[in-house]
Structure formats: C-alpha cells, structure tokens
Amino acid sequence: MPKKPLRTMGQQFNRRSWAEPWKIKVVEPIHMVSREEREKAIKQAGYNTFLLPASEVYIDLLTDSGTSAMSDRQWAGMMLGDESYAGSANFYHMEKAIQDYYGYKYVVPTHQGRGAEHLMSQALIKKGDTIPGNMYFTTTRLHQELAGGTFVDVIIDEAHDPENLHPFKGNVDLNKLEDLIKKVGAKKIPFVSLAGTVNMAGGQPISMENMRDVRNLCNKHGIRVYLDTTRMVENSFFIQEREEGYEDKSVAEILKESCSYTDGAWMSAKKDHLVNIGGWLAVNHEDVFEQARNMVVVYEGLHTYGGMAGRDMEALAIGITEAVQDDHIQSRIEQVRYLGSLLVDWGIPIVQPIGGHAIFLNAKEMYPHIPQDQFPAQTLTAELYLDSGIRTMERGVVSSGRDPITGDHKYPSLELVRLTIPRRVYTQAHMDITAEAVRAVYENRKNTKGLEMVYEPKYLRFFQARFEPIK
Ligand code: F0G
C-alpha cells in the first residue's frame, strides 16, 4: 500500500469548512424518476417545468419560494395558532417581529408577496406614472403596470453583464435615476422601487452606500422609496461580507439600517422568513397604511390575517428571528456557493459573482447556435430535467414577456436558467448530483436544438406557456 502523500494530509489538516447550524429530525423520501418517465412527463408538460407534477421531480430547484424546511420551533408555533377571525394573537407576534427587525411602523398582512405588491401598487400608482427600479421582477412589474404605471430599469450596466465581478450588481445607477427624474418630472414618480437581492440579475446585492445615495437623491425631489424585502436578509449578509464598515455589524443590524433608508416595504415571506406561505407590507406613512389596510379586506382578508391562518403567522414570526441569525444565513449562502464553485471549476458559464439564493446558468453562452426566439433558457430547463429529473426555472425571454405597445417579445440581455436552492432542504450530496447533471447537459450542448412556443397565456406567460421541440 503506497503511503498517502503528506501534502494531501496537510491540506486536510488545514481545512476549515462551514456546516449547517442544525441537524435533521424528519425526512421526506424522494424517488429517482426513470428516463422513460421523464421523457413522457416533459412532453406532457409542454416542455415547461412549471407544468410538471412534483411527483415526477427528483431534485426540485424550481424556486426557493415556499419550499423551506421549517424548524421544530416553527412547527411548535403552528400548534399555537389562534384562528380567531379578528385580532389573532399570532398577528400581533408577527407585527412585533416585523417592527423589531425591519423597523417600519405599520404592518398589513397578505397571503404572499404579490398580494402586497397589488395593494402597494394600487395605493401609490396613478395612470401615466413612472416607477424606476433596480431591474424588474415579474409579478412586481406586472402589478405596477396593471395600476397604470410604467416600470423603468435604472440598475447599473454591470448587472446586465453575467461575467462582470462588481460586488454590488444590484446598485441603482444614480445618473440614470436623475436623468429619468429630469425627463418625466418628480410628480410622475410615485416611488422608487428597490429590491435586495435582485432576483432577475442573479441574486445580486445592493450596497448600503447606494441605498443611502438613492434616499438622498429622492429626498431632494420629494420622491418616496419602497423596498422589496423578500431576500433582504441575504442582501445584508453580502453587505457584512463586502462593504467597508459593516464587517463587525450583525446581519440583523444591517437589515434594520437598510430599511431605515426607505419609507416602506413589501415582502414575500416564502423566502427569507422560512415559511411555506405568507407575506406583508409595512410602511411608515399613515396615509399609505390607511389605504392598504382598507383595501386588504377587499382582496386578501381582514387586516389581522390578510389571507394567512393564525398558525402561518406564528411560524412566520418565529421564522423572522431564525432568518437573521448570522450562522443561518452564512450556511445558506455557502451552500449556494458550493454548487456554483463546482460549475465554475468545470468551465460552465454562470452569472458571477455567485448570488444569494440561486445559481444562474448562462444559456445564451451555452447555446450560441439557438436564437433567442427559440428560447435557449427554456430549452436548457427541459434538457436538465431530461438528463436527471432536476427541475429548474427559465429566466430569459419567456419570463420577460411581451412589450405591451409593440406586442413583440421583450428580449432581455440575460438569458438564464435558475437553479434555486430551497432553504434547509437539500444536502451537499444533492448539490454534487446537480453539478454533475449540469456538466452532462453542457457536454451535449452542440447537439441541442431550440423550442417553439405553441401556447401563450396573456399574463405571466412563463407559468403556463407550452412548447414543442423544433424539428
Ligand atoms: N419579489 C421578489 C423579489 C420575488 O422573488 C417574488 C417571488 C415576489 C416578489 C412575489 O412574491 O411569490 O410570494 O407572490 N418570487 C418567486 C421566485 C416566485 O421563484 O423567485 P410571491
């Protein structure tokens, strides 16, 4: 037997790894779907991973939304559900957690993020208004458009370049914002729509400095600033890691300071808050609160439950306190990076720097021979499913939709596939399997052909559109 080389032993000895700050108490069995079953399932789903039954999926990386594993404490909280129609005790716990950790005054519960987007958009936007923001998100922009507004992207150019290593690719370009204010006038801008991390840019953060600058510029013009806080805890981790002056602050402190530069927020609690359903909006201005609280009873439910059960609100309140723990958020992001680093090592094109909640494969670069109107990213999602039963999401021309004026596709510069990592659900071994599947699909890239869209719904078409392979 040859002796192990000393160097390897040395490396092992010096190694310092991160690990999850929890152990597993309950497991949910999953099964490997055969190649034959996968071929049948993807065809039946019209080559759209949203239309696959979950029972036909092996590793589900469609989204990190509502897919978290709750802790034993959250499950215990479910038993404390106060299902009173009005004034549930759980609402007050949730309200207090939001006030304590996010710092806003008034809270309105909603069934999930888009319920809050709807109320905010209806309360704040008038027909003909312009809403600047650091890149669009699908449901956010649609609610702004349905309220009569037009979304204008004012994110820095670096965000549109998948290889640019800017540490805060979610930043607002202050010149773009100022030019827009000059062009349309401050009166036509009800608010600036910020998000952290920026989902469609690859989970990229916005810096504290940039948020402060946006606030100052908006103050000069009397414009309000609202924040999509869906993944703001993850954003706070990146600030702690990358921004000078924040290395010794806790994630919770950074989160609260970030929110202090804004007038309010909307939240999809299905992400950062480690719950399967829920959302809220929270604001500092009483007039906006009044309007939202009145509208919530029309569209969501009474203002002390907003579409959630009492037990959901309790789990959410506990989830907020777990989400802001530094060791939780570190292991969450390190797991995403573990997967991303394997792909980078193997030369597979992904968006860099690696973001907070997902790895984004660059389908444009992987399939240069497939034109964008044959949906390279959609094609890649189907290929990954066919290869290994892994479910991912298109974030390219299908998600971008059509221009309401010209009716043509909006061709985004980024044509991506998102491998979204649910929180506290999969292990490092699942990440290995996933990386190896991506490599297999990558190796077969030259033989891959695009898709044709054969059915297209009017709103948010990516959820329900159907495709067929191009012959
Ligand atoms: N804002 C952001 C940044 C989001 O990522 C989402 C949802 C929403 C708002 C809407 O919240 O789903 O609770 O109504 N994103 C999910 C995703 C769907 O897969 O990225 P919701």
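Start at the second largest pocket, which holds about 510 Å³ of space. A pocket here is an open set of points on a 1 Å grid over the protein atoms alone, with protein on both sides within 12 Å along at least five of seven lines. Its volume is the space filled by probe spheres set on the points, with grid points joined across faces, edges and corners.

This is a predicted model, where local features need pLDDT of at least 70, side-chain atom pairs count only at pLDDT 80 or more, and totals for chains, interfaces and linings use all residues. Residues are numbered from 1 along each chain as its sequence is written, and side-chain values use heavy atoms, with hydrogens and water left out.

**Stop 1**

Select Tyr136, Arg141, Phe151, Ser400 and Lys410. Of the 22 lining residues, these are the closest to the centre of the second largest pocket. Lining residues have an atom within 4 Å of a point. Now colour α6 (138-146) and β4 (150-153), the elements that give two or more residues to this lining. Helices (H or I, at least four residues) and strands (E, at least two) are DSSP runs, numbered from the N terminus. β4 supplies the largest share, three residues. By class, the lining has ten nonpolar, six polar and six charged residues. Ala, Val, Leu, Ile, Met, Phe, Trp, Tyr, Cys and Pro count as nonpolar, Asp, Glu, Lys and Arg as charged, and the others, Gly among them, as polar.

**Stop 2: the largest cavity**

A search of the whole structure finds three cavities of 30 Å³ or more. A cavity is a set of points where a 1.4 Å probe fits but cannot get out. The largest cavity has a volume of about 70 Å³.

**Stop 3: α9 on α13**

Show α9 (residues 232-242) and α13 (residues 326-345). They pack at an angle of about 90 degrees, with axes 10 Å apart. Axes are lines fitted to C-alpha atoms, for helices over the stretch in contact, and angles run from 0 to 180 degrees between N-to-C directions. The two helices are therefore roughly perpendicular (65 to 115 degrees). Contact means heavy atoms within 4.5 Å. The classes are five nonpolar, two polar and six charged.

**Stop 4: α4 and its two partners**

Select α4 (residues 89-102) and α12 (residues 310-323). Their packing angle is about 25 degrees, with axes 8 Å apart. That makes α4 roughly parallel (under 35 degrees) to α12. α4 passes α12 in a left-handed crossing, in which the near helix is turned anticlockwise from the far one by less than a right angle. On α4, the contact residues include Phe91, Met94, Ile98 and Tyr101, and on α12 they include Met313, Leu316 and Ile320. This contact has ten nonpolar, four polar and two charged residues.

α4 and α10 pack at about 85 degrees, with axes 8 Å apart. That makes α4 roughly perpendicular to α10. Gln99, Asp100, Tyr101 and Tyr102 of α4 meet Ala252, Leu255, Lys256 and Cys259 of α10.

**Stop 5: backbone checks**

Most residues other than glycine have a negative phi, and most peptide bonds are trans. Go to Tyr47, in the loop between α2 (35-44) and β1 (59-60). Tyr47 has a positive phi of about 55 degrees. Then centre on Thr197, in the loop between β5 (191-195) and α8 (208-221). The peptide bond from Gly196 to Thr197 is cis, with omega near -15 degrees. Finish at Pro353, in the loop between α13 and β9 (358-362). A cis peptide bond joins Gln352 and Pro353, with omega about -5 degrees.

Methods. Parallel < 35°, antiparallel > 145°, perpendicular 65-115°, else oblique.
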